[in-house]
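Me: I have just opened this structure and would like a friendly tour. Could you take my questions one at a time?

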Amino acid sequence: MSETGSRLRKQLESANFDPQNYVKQLSQQSDGDRDLQEHRQKIQTLADETAQNLKKNVYKNYRQFIETAKEISYLESEMYQLSHILTEQKSIMESITQALLSTDKDETSKEMLAAFPKETEEVKQRTLTSLLEKVEGGKNIMDTPGRHLVYNGDLAEFDVENMNPVQRVHAFLMNDCLLIATWLPNRRGTVKYKYNALYDLESFAVVNVKEHPPMKDMFKILMFPESRIFQAENSKVKKEWLEILDETKKNKVTKDKRKKEEEMPNSPVRPEVSTNPFDEEEDLPTDSGGAVVDLSMEWIQELPEDLDVCIAQRDFEGAVDLLDKLNEYLRDQPVTQRVKELRCKVEERVRQLTEVLVFELSPDRSLRGGPKATRRAVSQLVRLGQSTKACELFLKNRAAAVQTAIRQLRIEGATLLYIHKLCNIFFTSLLETAKEFEMDFAGNTGCYSAFVVWSRSAMRMFVSAFSKQVFDSQESLTTAAECVKVAKEHCKQLSDIGLDLTFTLQSMLVKDVKTALLSYKDIIIEATKHRNSEEMWRRMNLMTPEALAKLKEEMRVSGIGDFEQYTGDDCWVNLSYTVVAFTKQMMGFLEEGLKLYVAELHMVLLESLREIILVAVQHVDYSLRCEQDGEKKAFVVHNAAFLHDTVLPVVELRFEEAVGKPAKQLQDLRKSSRSLKVNPESTTSLV
C-alpha cells in the first residue's frame, strides 16, 4: 500500500475521527471536482482492500470456528454426563450416611408412629384410593398392602428424539412405585385418566435435564432400555418432583434394608431332617467337623467393600478381577450357609456393576471415540457372562453413532459429492464396527447372527438417506447411476472381512431405481415425439469440422463405430437431426440403465428400450406412408436403414454383453421393422 493510502487508513481508523469535519476540510482543500473524485477513488480502494482482508480472515479461521463450536458442544455434553456421575456419587454417599444414621431415625420414627399410630397411613391410603378411582384400569394397584400416596401432579411428556410434545399425563408417586396415567379426551363420569405405565422405584433413575429455552423445567426417567422426558408446570414444581422422588427412593431402600435385617434373626436357618442318606453327607461340611470353607481371609472379608470402591471409582477391571478370584476360590468348595450369604452380598454388587456397565454403553453417553471407546465396558460384561446383553448394547450404541454421523453430514450442492462423503462415513463406520465386534466377541460365535441383522438395519438407514438425496430430488439418470456405482464400490470393501451386503443394497434400491428408469424413459419418449412433430427430413449440417469430429467421437463411444459412412462432404451428415438426436439419447439411456441393472429389473429395462425404439420406428413408418416427394422418401429409407442395420444391432449386442442374456424382445422388434426397408411402399403400419 502507498504512503498516501497508509496515512488515509490511519486517519480513518483514529478514535477521534469525525466524518463531518473530515468532509468539510476536504471540500475546502480540494481545487475542484477532479480532486474529490480522486479522493473518493482512494477511499473506495481502501474499502475494497478492507473487505478483502476481512473475507480472507473469515476463510482462514472458518474451519477453526466450526471445530471450536463442535468441541464446545462435545464438552458441554461430557460436562453434563460428569454432572450426572457426580450426582450419582453424591447419592451413594448420602445413602451411606443415611444407613449410618438409621438407628437415630428408627427411634424417631417409632416415636412418630406411637404418636400417630394409624391416622397418617389410613389418610394416605384413602387419598390414593379416591384418586385411583379416577384412573381407568388402575383398580388392582391398591392390592399391594401398605402402598400409599406420596405425591401427584400433572406433567407434559415430550419425545426423547426430537423433543416434540407427546401427551399430557398425571403422575402418582407412591411409596414403592410410580404410576403414569394419560388424560382422557372424552371423560366418562369421575374417570379422568387412563392407565399408561407402572414403574418400580428401583427400576429407574431420575436425571435433571439441562435447560435450553424453550425446553425448560424438564426431568428424565431412565429405564433400561428406554427413557421418558417430562416437563413440570414451573421450576418450583420440577424441584419438588426431583426432591420427593429422590427422598422416596432413599426411604424405600432404607426400609427394605431394615426389613431384611429384622427378618434374619427371627428366622434362623435350621438344618432340615431328611431320611435320605445322601443328604446327610451333603450337610456334613456345614454342621459337623468335616470339610469347612475358610472364609476368614482378609481379602474375602473385605470383598464386598472392595467391590463398592471399585464400582465407585469406575475400576471395572479390578471389580471383575475380584469376582473371578472369588469364583476360582469357591469353585471346588462345598456350598455352606456362609458361602450362600457371601454370594448373596456379591450378587448385589454384580447387579450394580452390570447396571453401570450398561449405562456406559447406552446411546445417551458420548459417542466420540468410535467403536474402540466401548471396548472396556463390553469386555467386562462378557467376562461377567453377559455376552448377549453386551452384544445388544454395543450394536445399539454403534447404530446411534452411525445415525448421528449421517445427520451431522452437510448436504452439499453437488449430489455426487454428498454421496461420496455419505458412503465414506457409513461404510468406514460399518467396517470399524465389524472389526471391533470380531475382536470383542471372538469367542461368542452365537452373537455373529445379531451383527448380520444389525448390518441389514444399518444398511436400511443408509439407503434412506441415499434415496432421499438421489432419487427424491429428481436427479438425472446419469447422476443416479454414478451414485449407485459409488455405493456398490464401497459396499464391496466389506467383503474383505467376510461381509457381503451388495445384494442387500441392491434389493433395497430396486424400487427407487425402477421408478427412475421408467421416469427417464417417459422423458425420452416425450422428447422424441416432440422432435418427430417438427421433422422436415433434411440432412444435418453441423457448420464446423470441430462439431462433426465431436459427433463422430460421441457415436464411437456409444458403440457405433462405422458412423463415418453416414457423413458427407464438408460438415454434412446424411441423416436427419431427429434420428441422430434419438440415437444419442437412446444409447445414453442404455449405458446408464446397464449401470443400474439387477436381475429384478431385467424386463423393466428391456421393455423400456423396446418402447423407446418403437416410437422412432413408428415415426419412420408413418413418414414412408405419407411422404410424396421421391427424394425425401429415399432419404427416409436411408434413415430407416441406419436404425435397422446399425443402431438396433449395437443395442442388442451391448445389452447381451452386459447382461449375459439375449434381448429377444429387441430382436423381434428388429425383424418386424425389416418391412420398412424391404417394402417402403407398404401401407401397413407397424404397431
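Me: Over which ring does the charged end of Arg-168 sit?
Reply: This is a predicted model, in which local features need pLDDT of at least 70, side-chain atom pairs count only at pLDDT 80 or more, and totals for chains, interfaces and linings use all residues. Residues are numbered from 1 along each chain as its sequence is written, and side-chain values use heavy atoms, with hydrogens and water left out. A charge sits over a ring if NZ of Lys or CZ of Arg is within 6 Å of the ring centre and within 35 degrees of the ring normal. For Arg-168, 4.0 Å from the ring centre, that ring belongs to Trp-183.

Me: How far is the charged end of Lys-325 from the centre of the ring it sits over?
Reply: The ring here is that of Trp-299. The charged end of Lys-325 lies over it, and the distance to the ring centre is 4.4 Å.

Me: Why is the pair of Phe-17 and Tyr-22 called tilted?
Reply: Rings of Phe, Tyr and Trp (its six-membered ring) pair if their centres lie within 6.5 Å; planes under 30 degrees apart count as stacked, over 60 as edge-to-face and the rest as tilted. The whole structure holds 21 aromatic pairs. In the pair of Phe-17 and Tyr-22 the centres are 5.5 Å apart, and the pair is tilted because the planes meet at 55°.

Me: Is Tyr-22 buried or exposed?
Reply: Buried means under 20% relative accessible area, exposed over 50%, and partly exposed in between (1.4 Å probe, protein chains only). Phe-17 has 27% relative accessibility, so it counts as partly exposed. Tyr-22 has 11%, so it counts as buried.

Me: Which residues touch the most other members of the largest nonpolar core?
Reply: A nonpolar core is a set of buried Ala, Val, Leu, Ile, Met, Phe, Trp, Tyr and Cys residues joined through side-chain atoms within 4.5 Å. The largest one has 121 residues, and those touching the most other members are Met-459, Phe-462 and Phe-466.

Me: Which helix gives this core its largest share?
Reply: Helices (H or I, at least four residues) and strands (E, at least two) are DSSP runs, numbered from the N terminus. The largest share of the core is 12 residues, and they come from the helix spanning residues 602–626, H20.

Me: With which residues is Phe-462 in contact, leaving aside neighbours within four places in sequence?
Reply: Contact means heavy atoms within 4.5 Å. With those neighbours set aside, the partners of Phe-462 are Leu-422, Cys-423, Phe-426, Phe-427, Ala-487 and Leu-505.

Me: Where does H21 bend?
Reply: Helix H21 (residues 630–659) has 30 residues and reaches 42 Å from its first C-alpha to its last, close to the 44 Å expected at 1.5 Å a residue; the expected span is 1.5 Å times one less than the number of residues. A bend at a residue is the angle between axes fitted to the seven residues ending there and the seven starting there. In H21 the bend is about 30°, with Pro-649 following within four residues, and its place is Val-647.

Me: By how much does H17 bend at Val-510?
Reply: H17 has 32 residues and reaches 44 Å between its first and last C-alpha, close to the expected 46 Å. At Val-510 its bend is about 50°.

Me: Is Trp-537 buried or exposed?
Reply: Trp-537 is in the loop between helix H17 (502–533) and strand S9 (540–541). Its phi is positive, about 50°, although it is not a glycine. With a relative accessible area of 6%, Trp-537 is buried.

Me: Is Met-543 buried or exposed?
Reply: Met-543 lies in the loop between S9 and helix H18 (545–558). Its phi is also a positive value in a residue other than glycine, near 75°. Its relative accessible area is 63%, so Met-543 is exposed.

Me: What distance separates the C-alpha atoms of Lys-134 and Val-191?
Reply: Lys-134 is in the loop between H5 and strand S1 (135–136). Beyond its neighbours within four places in sequence, Lys-134 is in contact with Thr-190, Val-191, Lys-192 and Tyr-193. Lys-134 and Val-191 are 57 residues apart along the chain, and their C-alpha atoms are separated by 4.1 Å.
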